[in-house]
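Please consult the sequence and the model shown here while reading.

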Amino acid sequence: MESASYLPADGIAERIVRHFQAEGFAGISEALIIRICLRSGDRKEIDAAFDAAAAHEKMPPVHEHFEIRPFGHFADSRSFAAAKAAIQSDFTSSLRIELPRVFFDPAPVVIDDALASGTKYDAMVKLADNIDGYAFAILLNDPDSSFFDYLGTHHGNDWQKIMGNFETTAVSFATEIDLL
C-alpha cells in the first residue's frame, strides 16, 4: 500500500517490511517506527508507576512520563492515517507496559505480545541505543510470529544494512505529529 504519511523514516519502515518478506517471512506486513522522549521522572520512579499500573490491571501512565511520536510507517494493508486512528487499540497494554525498558535499556530490546491479533502490533523492537535523548522502537504487525523465527535463524544479522543510515535520519528530522 502506498503510504501517504511522509514521515522521515517511511523508507526505512518499508525496507524493514520488505527485507523480512524477501527472507520468507510474509507475515510481517507492517512496521511503525516510533520516537520516544522522556517527559518526566527517572527510571526508578517510572518503573514504580508502570509496575503499579500492571498490578492494578490499568493502562500504564505513558503520557505522564513519555512523549511518543511516529517517525516512519509502512504497511501492505493500511495507510498511516488508518494505523494512527487505531493506535489506541493496536498498541496494546502488553507492549506499552514495557516502554521503560525500551527507553532506558541498551539495544537490542525485543518485546512481544503473544495475544495480539489482527492489526494489533505483535512486537516492539529497539535495535539501536538512544540518539540525542530519543529512543526509537519499531512496532511490527506480525500475526504469524515470524519475527521470532527470523531472529532464531539470523544470529548476528547486520541490522545496519536493513535500517540504512538511521542515525542520520533520526537526528536530521523531527516530526510533530502526536501519536498517543
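Which side chain does the side chain of Arg 78 join in a polar contact? In this predicted model, the partner is Glu 30, and the contact is 3.0 Å. Arg 78 is located in the loop that runs between strand 2 (66-75) and helix 4 (80-85). Because its relative accessibility is 9%, under the 20% limit, Arg 78 is classed as buried. A polar atom of the Arg 78 side chain also lies 3.3 Å from the backbone oxygen of Thr 119. In sequence, 48 residues separate Arg 78 from Glu 30.

| Pair | Distance | Atoms |
|---|---|---|
| Arg 78 and Glu 30 | 3.0 Å | side chain to side chain |
| Arg 78 and Thr 119 | 3.3 Å | side-chain polar atom to backbone oxygen |
| Arg 78 and Glu 30 | 8.5 Å | C-alpha to C-alpha |

The largest nonpolar core comprises 24 residues, and Ile 36, Phe 66, Phe 91, Leu 99 and Met 124 have the most contacts inside it. Among the elements that each supply at least two residues of this core are strand 1 (30-38), helix 2 (43-55) and helix 7 (99-104). The residues that Ile 36 touches include Phe 66, Leu 99, Val 102, Phe 103 and Tyr 134.

Val 109 and Ile 111 form its covered face, whereas Val 110 and Asp 112 form the uncovered one. Strand 3 pairs with strand 4 (residues 123-126) in the antiparallel sense over four bridges, and Val 110 stands opposite Val 125 of strand 4.

Conventions: Residues are numbered from 1 along each chain as its sequence is written. This is a predicted model: local features need pLDDT of at least 70, side-chain atom pairs count only at pLDDT 80 or more; totals for chains, interfaces and linings use all residues. Side-chain values use heavy atoms; hydrogens and water are left out. Buried means under 20% relative accessible area, exposed over 50%, partly exposed in between (1.4 Å probe, protein chains only). A polar contact is a pair of N or O atoms within 3.5 Å; within protein, one must be able to donate a hydrogen and the other to accept it, and residues adjacent in sequence count only if both atoms are side-chain atoms. A nonpolar core is a set of buried Ala, Val, Leu, Ile, Met, Phe, Trp, Tyr and Cys residues joined through side-chain atoms within 4.5 Å. Contact means heavy atoms within 4.5 Å. Two strands pair if DSSP finds at least two bridges between them. Lists of a residue's contacts leave out its neighbours within four places in sequence.
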